[in-house]
Structure formats: C-alpha cells, structure tokens
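Student: I would like to learn how to read the core, the pockets and the aromatic rings of a model. Could you take me through them one at a time?

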Amino acid sequence: PYLFRRPYQSRMFFRQFALQLNIKGWLSAGSVVVVSSYDPKEGKRFLTRALTTAIENLGKSVLVVDVD
C-alpha cells in the first residue's frame, strides 16, 4: 500500500513535514533523526527517502546510515 494516490500529494506531505521539523529547530546542525520500526515491511526506506529529499530541498545537508 502507499500513502497517497498521486506522487504530488506525497511530496507535499513530506515537504510540509520537513518545514515543521525545521521551524521547531529539529533540523539544526548536528541534529539526528532516527527512523525505526519493529516490522521490516513498514516503509522505513520510503519514509527516509522522501524525508531526505524534502530536507535537502530546504538547503540542509543530510547523511543517511542504513543499518538494516
């Protein structure tokens, strides 16, 4: 399953989510965002890719470490 019917809706959701994180100061230099789940098929990679793209579009640098 997917979150949205159209890719545009997904991009907008993650853009708004990244903006909220930035406004709250959670994306300042040295910040760490962790995406985890017990179930291996819950969409951690999808979430990580989409959020990474949205954060990079804000002009922030992102480092992703996958320790699956």
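**Reading the pockets, the core and the rings**

Tutor: Sorted by class, the lining of the second largest pocket holds five nonpolar, three polar and two charged residues, where Ala, Val, Leu, Ile, Met, Phe, Trp, Tyr, Cys and Pro count as nonpolar, Asp, Glu, Lys and Arg as charged, and the others, Gly among them, as polar. This is a predicted model, in which local features need pLDDT of at least 70 and side-chain atom pairs count only at pLDDT 80 or more, while totals for chains, interfaces and linings use all residues. Residues are numbered from 1 along each chain as its sequence is written, and side-chain values use heavy atoms, with hydrogens and water left out.

Student: Which residues line the second largest pocket?

Tutor: Rolling a probe the size of a water molecule over the atoms shows where empty space is left. On a 1 Å grid over the protein atoms alone, a pocket is an open set of points where a 1.4 Å probe fits, with protein on both sides within 12 Å along at least five of seven lines, and lining residues have an atom within 4 Å of a point. Here the lining consists of P7, S10, R11, F14, R15, A50, T53, A54, N57 and L58, and the space amounts to about 150 Å³, a volume being the space filled by probe spheres set on the points, which are joined across faces, edges and corners. Helix α1 gives the largest share of this lining, five residues; helices here are DSSP runs of H or I with at least four residues, numbered from the N terminus.

Student: What is the volume of the largest pocket, and which residues are closest to its centre?

Tutor: Its volume is about 880 Å³, and of the 28 residues that line this pocket, V33, T48, L63, V64 and V65 are the closest to its centre. By class, its lining has 15 nonpolar, seven polar and six charged residues.

Student: Which residues make up the largest nonpolar core?

Tutor: In soluble globular proteins, nonpolar side chains tend to be buried together. A nonpolar core is a set of buried Ala, Val, Leu, Ile, Met, Phe, Trp, Tyr and Cys residues joined through side-chain atoms within 4.5 Å, and buried means under 20% relative accessible area, exposed over 50%, and partly exposed in between, with a 1.4 Å probe and protein chains only. The largest one in this model has eight residues, F14, A18, L21, L27, A50, L51, A54 and I55. Both α1 (7-23) and α2 (44-57) supply at least two residues of this core, and α2 gives the most, with four. Not counting residues up to four places away in sequence, A54 touches F14, R15 and A18, a contact being heavy atoms within 4.5 Å.

Student: How many aromatic pairs are there, and how is each described?

Tutor: A pair of aromatic rings is described by the distance of the centres and the angle of the planes. Rings of Phe, Tyr and Trp (its six-membered ring) pair if their centres lie within 6.5 Å, with planes under 30 degrees apart counted as stacked, over 60 as edge-to-face and the rest as tilted. The count comes to three aromatic pairs. F13 and F14 are edge-to-face, at 5.1 Å centre to centre and 85° between the planes, whereas the rings of F13 and F17 have centres 6.3 Å apart and planes at 15°, so that pair is stacked. F13, F14, F17 and F46 form one aromatic cluster.

Student: Is F14 buried or exposed?

Tutor: F14 counts as buried, because its relative accessibility is 2%, while F13 is partly exposed at 39%.
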